[in-house]
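Here is a friendly walk through one protein model, in questions and answers. Have a look at the display, and then we can start with the charges.

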Amino acid sequence: PPAGKDYQLWASVDGKGQFLKTIDTAQAGNGLEPLPFVENPQSFYATLEDKGQTAEPSLKNVVLFGRMDKN
């Protein structure tokens, strides 16, 4: 990410963003990282945010999005 920014991973649960993790790009490529369990997510997405965890995701900077289907 650009200087002063972090990628953050979120889940959408009942229409609200639930923070999961700040992605440590210094560790990228070193394998999978565990994430908290999320019950009944509608989607997962990553946003580009100012450094430090934000209370709400900035949806204008979504860099990755995946919808969950119940099928």
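Q: How many positive and negative side chains does the protein chain have, and how far apart do the centres of the two sets lie?
A: Lys and Arg count as positive and Asp and Glu as negative, while His and the chain ends are not counted. The place of a charge is NZ of Lys, CZ of Arg, CG of Asp or CD of Glu. The protein chain has 7 positive and 9 negative side chains, with the centres of the two sets separated by 4 Å.

Q: What kind of model is this, and what pLDDT do side-chain atom pairs need?
A: Residues are numbered from 1 along each chain as its sequence is written, and side-chain values use heavy atoms, with hydrogens and water left out. This is a predicted model in which local features need pLDDT of at least 70 and totals for chains, interfaces and linings use all residues, while side-chain atom pairs count only at pLDDT 80 or more.

Q: In what order do the elements of the protein chain run?
A: Helices (H or I, at least four residues) and strands (E, at least two) are DSSP runs, numbered from the N terminus. The protein chain has zero helices and four strands. From the N terminus on, the order is β-β-β-β.

Q: What is the radius of gyration of the protein chain, and what would a compact globule have?
A: The radius is taken over C-alpha atoms, and the globule rule is 2.2 Å times the number of residues to the power 0.38. For 71 residues, a compact globule would be near 11 Å; the protein chain agrees with this, at 12 Å.

Q: Which aromatic pair does the structure hold, and what is its geometry?
A: Rings of Phe, Tyr and Trp (its six-membered ring) pair if their centres lie within 6.5 Å; planes under 30 degrees apart count as stacked, over 60 as edge-to-face and the rest as tilted. The structure holds one such pair. W10 and F19 form it, at 5.4 Å centre to centre with 80° between the planes, which makes it edge-to-face.

Q: Is W10 buried or exposed?
A: Buried means under 20% relative accessible area, exposed over 50%, and partly exposed in between (1.4 Å probe, protein chains only). The relative accessible area of W10 is 1%, so W10 is buried.

Q: Which residues does E49 contact, leaving aside neighbours within four places in sequence?
A: E49 sits in strand 3 (residues 43–50), and its relative accessible area of 5% makes it buried. Contact means heavy atoms within 4.5 Å. On that basis, the partners of E49 are G4, K5, D6, Q8, W10, T54, P57 and S58.

Q: Which residues does S58 touch, not counting residues up to four places away in sequence?
A: S58 belongs to the loop between strand 3 and strand 4 (62–67). S58 is buried, with a relative accessible area of 18%. The residues that S58 touches are T47 and E49.

Q: What phi does D14 have?
A: Most residues other than glycine have a negative phi. D14, in the loop between strand 1 and strand 2 (16–23), is exposed at 67% relative accessibility. D14 is not a glycine, yet its phi is positive, about 55°.

Q: Where does N40 lie?
A: N40 also has a positive phi of about 55° although it is not a glycine. At 46% relative accessibility, N40 counts as partly exposed. Its place is the loop between strand 2 and strand 3.
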